[in-house]
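I opened this notebook to record what I looked up in the structure. The entries follow the order in which I worked.

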2 protein chains.
Amino acid sequence: MANDKKLVAAITDMEQDFPQWYTDVVKKADLVDYSSVKGCMIIRPYGYAIWELMQKELDSRFKKTGHENVYMPMFIPESLLQKEKDHVEGFAPEVAWVTHGGDNELQERLCVRPTSETLFCDHYKNIIHSYRDLPKLYNQWCSVVRWEKTTRPFLRTTEFLWQEGHTAHATAEESEEETIKMLNVYADFCAQTLAIPVIKGEKTAKERFAGAKSTYTIESLMHDGKALQSGTSHNFGDGFAHAFEIQYTDQNNELKYVHQTSWGVSTRLMGAIIMVHGDNSGLVLPPAIAPIQVIIVPIAMHKDGVKEKAFEINEKLSKSVRVKSDLTDKSPGWKFSEYEMKGVPVRLEIGPKDIEKNQAVLVRRDTGEKITVSLENIEKEILALLDEIQKNLYEKAKQNRDSKTYTAKNMEEFEKILNETPGFIKAMWCGDRACEDAIKEKTGATSRCIPFEQEKLDDVCVCCGKKAKHMLYWGRAY
Amino acid sequence: MANDKKLVAAITDMEQDFPQWYTDVVKKADLVDYSSVKGCMIIRPYGYAIWELMQKELDSRFKKTGHENVYMPMFIPESLLQKEKDHVEGFAPEVAWVTHGGDNELQERLCVRPTSETLFCDHYKNIIHSYRDLPKLYNQWCSVVRWEKTTRPFLRTTEFLWQEGHTAHATAEESEEETIKMLNVYADFCAQTLAIPVIKGEKTAKERFAGAKSTYTIESLMHDGKALQSGTSHNFGDGFAHAFEIQYTDQNNELKYVHQTSWGVSTRLMGAIIMVHGDNSGLVLPPAIAPIQVIIVPIAMHKDGVKEKAFEINEKLSKSVRVKSDLTDKSPGWKFSEYEMKGVPVRLEIGPKDIEKNQAVLVRRDTGEKITVSLENIEKEILALLDEIQKNLYEKAKQNRDSKTYTAKNMEEFEKILNETPGFIKAMWCGDRACEDAIKEKTGATSRCIPFEQEKLDDVCVCCGKKAKHMLYWGRAY
């Protein structure tokens, strides 16, 4: 095995250089290629297939909760972007501006959407008149652009793919309920489909989305102890409704402003999958989103009946599993490494000796364990194994996250943890922006969220020593 | 019925004003809304649901023919766009230019992709080295931008949604085979899924795609006798490969240029569906792409057991059919008109008398026919009926197309047809650009294609009287 490994170009050890390990994996697992467009990535077929599986699952969860898909223009006129004050201040510095159409200078420049609140508001103003028109539960799948100085595939790119939900409701209660509901949809999707445990909580005022009344977030922890904001859900209250004059007539014939939300996850989640589950042999994919769940590698392929048997098993499995056979003339060792790099959950080896015994050898990507199974029960065994791998990946990720979650009672402890054993830090906070700023300046860590599950670690703020209001999660973050 | 109609705002008669009828349908059927972004449309949930069903079917056909999805950046640096001379000349006049990122002017301006040949070439150059890397069969779903002066929803908009296939092959034979194969995929999809018959053929040199060696097209005929180019497939030969230096080492260790294709269909097909099948009551949708295939309208909904029965039938049908029940307090007449406008293939009426007799009334959108069926066999009956409607729509469209296809032997006949009975005109052509230009100038008709199924109508060109080379299809077009 050690020898075979060398057949596929090795990747950097993650303990030695985590950022380089990450870059190696995204390239060598054929997820991404760089393009000649600064800060933009090419998502290759294998990477895109993972994204498609994620989309399919998320989209079905959105539709089950009553949402409908729409498509809005990719351009926003400058005057429209400026309608909500906080929102334009947040986004204007990082948008791409279209100034010319063909040879002609435009009368008003257009920005390429960094997010589409303003477009949805403009549309809602046209189509919402009565309480009968509410709620509007819309979502869109598209790409957005934010001009970034330093970029990394999936984690921070000038253009990225995402979905953005935008909803309008009759009351403040309903918009708050929707905001939390969609945060829970994201958290369940991460846990069940991506096998990634997340912390659910509210962002501090400082970290709130531009224009939002409250922003909720799911935060996950990467292998190197850094946090990743993995999805956000915003309650706008009636702020945008006032700016865009979105009003409806209620049951008593009174004119009211709507209450709105927006929520999104992006291809950033691909980065989370890589950095939560990956190891020094490459990518490790949860079966639920693996484009290939089982790779069949025939051994001694030139021998009578081996190819035929591989084909037969492939046919049998393909009814219930995403299976592929590699019948190329590369060596089995090369193939082992290649599909380990690609994170395929199960390898199935079949050779002349196995055929004699009517068996196959299964190798788990998550543990390396080899299991000999009878060909009689192969389909059932594999389905059970994929299930077990999915669960095991979640458990491993949770153990890792928990083992890297610390508590700090004073700034000395806080800094020691960050420098020696990076991870999440739970600490008490007085609620003042000044302390939040001071901690960030001193340590480089940012407040991740005020978790829904509060604990009372202490009576006083970790920074100023005054009475504590909340327990916060902190971490250095992507 | 005539009385109920008035409950829903009427649309313009298609015989009186076809363009206004079209605009009325796209608005009143809730397909599209206008946006404050010039030339860009909002695709509303009902319109987008149709597009999603089209995508699903096309995507499965692409995957069955071995294609993989990828995602390329939406921006193209000006220098990259300029690499292939004909291509840049074709597209530069109609692209949107990004000149600023945030507050900074870009060193090189970027165009928003009008099509992605240059990006795919740039990527292929990086990833194709050996004959083992071929063929590359890629596709992408995205939006593109072409700066248009006059726009109409779905038919011509500044931004539109589409798919673009881009493939690279070892030989000229293989790229030609791919080009034709994908044209056939489009034609079959139009016939079987959209119930739209198309003419398959090759574009003349004048109408060829910028940079292509040959362009193939599918052409359909709208209700008003105008043609619509409904999909194209291009063979680039090795032209782009030379411009971008895309070479591979063949089995004999010789360096060769690849041969490439591209092919695309867009939301323009939504326009075809409207204008091929629609009538004076609104949209008429082929069941294969109808978001709602059966709408259940309860009659005398306040009577005991009516709502419950509607719910029961809905539950039963929902296993095999896209079904919805309208239980709102609007009148049955209003609902009849509303779902006729939306083109729902089958309306199911259920009232107290029907329940007594254990039956329901089905009303076909395509013919208006009422059919009483027993609730015993309702699922089977509806599946058969949807099938019949799908076939009938195709037959009706084909009969209409055929009845509006004429032959012209001289320019007098040619002009008479165009002015009195617009439709496709078949006419012989010498093959000279001069005649093609002259006919267009004189009549406003453009050459649609040199159809694969040639007929010999005459020995001489309809325009100059010299020896004819091909039979051409002509028409005024969208």
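The entries below go from conventions to the chain as a whole, then to the interface and to selected elements.

**Conventions.** I work with a predicted model, in which local features need pLDDT of at least 70, side-chain atom pairs count only at pLDDT 80 or more, and totals for chains, interfaces and linings use all residues. Residues are numbered from 1 along each chain as its sequence is written, and chains are lettered from A and ligands numbered from 1 in the order in which they are written.

**Chain A as a whole.** I counted 15 helices and 23 strands in chain A; these are DSSP runs numbered from the N terminus, helices being H or I with at least four residues and strands E with at least two. The radius of gyration of chain A is 25 Å, close to the 23 Å of the globule rule for 478 residues, so chain A is as compact as a globular protein of that length. This radius is taken over C-alpha atoms, and the rule is 2.2 Å times the number of residues to the power 0.38. Along the principal axes, the C-alpha atoms of chain A fill a box of roughly 80 × 55 × 50 Å.

I then checked burial and found that 50% of the 478 residues of chain A count as buried. A residue is buried if 20 or more other C-beta atoms lie within 10 Å of its own, exposed if 12 or fewer, and partly exposed in between, with C-beta atoms placed from the backbone. Among contacts in chain A between residues at least 6 apart in sequence, 69% join residues at least 24 apart; a contact requires C-beta atoms, placed from the backbone, within 7 Å.

**Domains.** Chain A is divided into domain 1 (14-277), domain 2 (292-388) and domain 3 (405-475), with bounds from an automatic or database domain assignment. I took the centres of domain 2 and domain 3 of chain A over C-alpha atoms, and 49 Å separate them.

**Symmetry.** I laid chain B on chain A with an RMSD of 0.0 Å, by a turn of 180° and a shift of 0.0 Å along the axis. That is the relation of a two-fold axis. The superposition is by least squares on the C-alpha atoms of residues with pLDDT of at least 70 in both copies. Which residue of chain B comes closest to the rotation axis? I found V98(B), with its C-alpha at 2.1 Å.

**Interface.** In chain B, 43 residues are in contact with 43 residues of chain A. The largest share of the chain B side, six residues, comes from β5(B). I sorted the residues of that side into 25 nonpolar, ten polar and eight charged. Here Ala, Val, Leu, Ile, Met, Phe, Trp, Tyr, Cys and Pro count as nonpolar, Asp, Glu, Lys and Arg as charged, and the others, Gly among them, as polar. Because 100% of the interface residues of chain B are also interface residues in chain A, the copies meet through the same surface.

Two strands pair if DSSP finds at least two bridges between them. W97(A) stands opposite H100(B) in β5(B).

**Open sheet of chain B.** I traced an open sheet of eleven strands with mixed pairing, in the order β3-β7-β8-β14-β11-β10-β9-β22-β23-β21-β20 (chain B). Its edge strands, each pairing on one side only, are β3 and β20 (405-407) of chain B.

Within it, strand β10 (residues 214-221) of chain B is joined to β11(B) by eight antiparallel bridges, and L221(B) stands opposite A227(B). Their hairpin has five residues between the strands, where G225(B) takes a positive phi near 85°. β11(B) is also joined to strand β14 (residues 259-266) of chain B by five antiparallel bridges, with T232(B) opposite G264(B). Nine of the eleven residues of strand β11 (residues 227-237) of chain B are buried, so this strand is largely enclosed by the rest of the structure.

**H223(A).** I located H223(A) in the loop between β10 (214-221) and β11 (227-237) of chain A. H223(A) is buried, with 20 other C-beta atoms within 10 Å. Residues up to four places away in sequence aside, H223(A) touches M14(A), M275(A) and V276(A).

**Helix α11(A).** Seven of the ten residues of helix α11 (residues 332-341) of chain A are buried, including F336(A) and Y339(A). Just after α11(A), G343(A) takes a positive phi of about 75°.

How values were computed: Contact = placed C-beta atoms within 7 Å.
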